[in-house]
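Hello,

Here is the structure I promised to pass on. Please open it first; my notes follow below.

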Amino acid sequence: SKEIDNAIRSFEMNNNIAAGGYKKLLKEYAISEDVFREQMKSDLAWLRLVRQKSAADYITQPEIDEAIAAAKKDADKTKFMVSEIVIAAKDAEHIDQLVRNLRHDPRFELYAAQFSNAPSSGSGGRLGWINAGQLPQPLDKALQKMRAGEISDPIAYNGEYYIFRLEKKFDPAVDKMSTPSDAEAKYLLQNQKMERYAAQH
């Protein structure tokens with residue numbers, strides 16, 4: 001229960017909501033507090049399991065060095081910082097209304113935590129930096145057309161609908177990206193291993 005309370009407080013802080021203000025927000029969007037807490041509980045339990053399983057894969061210094069070298073090589077590629085909501089096609093009856101809400105409400109993380117089926121829902125839908133061409137072609141094509149801050153139309157792919165929010169775009173022609181430190185590279189590798197485990201299970 002204490003972990004859930006802490007997770008809710010982190011959610012409030014990430015969305016600039018005063019302590020305890022999430023209850024008013026849930027009421028505004030007709031979301032049950034019990035359902036919200038249960039979702040938080042499920043996300044925390046899943047995250048703990050993924051961390052425990054992926055922690056067995058120790059990050060070695062050669063892996064860190066390789067990740068830093070790859071980051072340097074990647075510096076000339078276009079990248080997108082993306083958040084996502086993924087909804088199964090069978091549950092997408094009101095997806096157009098959801099997109100309209102997202103375009104008028106800046107609290108994307110709330111909707112991701114409540115509605116998204118993706119493992120990223122536990123972190124408010126955040127995917128982090130994605131290289132151009134890294135995602136399947138229909139998803140990548142949609143990202144290429146977006147501007148920073150924009151919400152995509154629903155994108156059908158593999159029996160699901162994806163909704164993206166483009167946070168930032170890195171254009172190597174005008175932007176400069178710093179080389180990650182050992183600690184940053186290790187953190188990235190740990191997250192990647194967690195994501196792979198989550199995707200496989």
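Start with a salt bridge: the side chains of Arg-165 and Glu-167 meet at 2.9 Å, N to O. By salt bridge I mean a side-chain nitrogen of Lys or Arg within 4 Å of a carboxyl oxygen of Asp or Glu. Arg-165 counts as buried, at 12% relative accessibility. Glu-167 is partly exposed, at 27%. Buried here is under 20% relative accessible area, exposed is over 50%, and partly exposed is in between (1.4 Å probe, protein chains only).

Before the rest, the ground rules. This is a predicted model, in which local features need pLDDT of at least 70 and side-chain atom pairs count only at pLDDT 80 or more, while totals for chains, interfaces and linings use all residues. Residues are numbered from 1 along each chain as its sequence is written, and side-chain values use heavy atoms, with hydrogens and water left out.

Confidence next. pLDDT is the predictor's confidence in each residue, from 0 to 100. The protein chain averages 82, and 88% of the residues score at least 70. Strand β3 (residues 155–157) has the highest confidence, at 94. Helix α8 (residues 182–200) has the lowest, at a mean of 67. Where pLDDT is low, the predicted coordinates should not be read in detail. Helices (H or I, at least four residues) and strands (E, at least two) are DSSP runs, numbered from the N terminus.

Back to the salt bridges. The count comes to seven by this rule. Glu-109 and Arg-126 form one of them, at 3.8 Å from N to O. Glu-109 lies in helix α6 and Arg-126 in strand β2, so this pair ties together parts that are 17 residues apart in sequence. Glu-109 is buried, at 9% relative accessibility. Arg-126 is partly exposed, at 38%. Glu-109, Arg-126, Arg-165 and Glu-167 are linked in a network of salt bridges. Asp-91 also forms a salt bridge, with Lys-90; the closest N and O atoms are 3.3 Å apart. Asp-91 is partly exposed, with a relative accessible area of 47%. Lys-90 is exposed, at 72%.

Now the sheet. Four strands form an open sheet in the order β2-β1-β4-β3, with antiparallel pairing. The edge strands are β2 (126–131) and β3, each pairing on one side only. Two strands pair if DSSP finds at least two bridges between them. Strands β1 (residues 79–88) and β4 (residues 160–170) are joined by 10 bridges. Three bridges join β3 to β4. There, Ala-156 partners Tyr-161, and Tyr-157 partners Glu-160. The β3–β4 hairpin has two residues between the strands, and Asn-158 takes a positive phi near 55°.

Aromatics: the structure holds four aromatic pairs. Rings of Phe, Tyr and Trp (its six-membered ring) pair if their centres lie within 6.5 Å. Ring pairs link Tyr-157, Tyr-162 and Phe-164 into a cluster.

Last, helix α6 (residues 108–115). Seven of its eight residues are buried, so the helix is largely enclosed by the rest of the structure. Gln-114 is one of the buried residues, with a relative accessible area of 17%. Leaving aside neighbours within four places in sequence, Gln-114 is in contact (heavy atoms within 4.5 Å) with Ile-31, Val-35, Phe-36 and Gln-39.

Best wishes

Conventions: Phe/Tyr/Trp six-rings, centres within 6.5 Å; stacked < 30°, edge-to-face > 60°.
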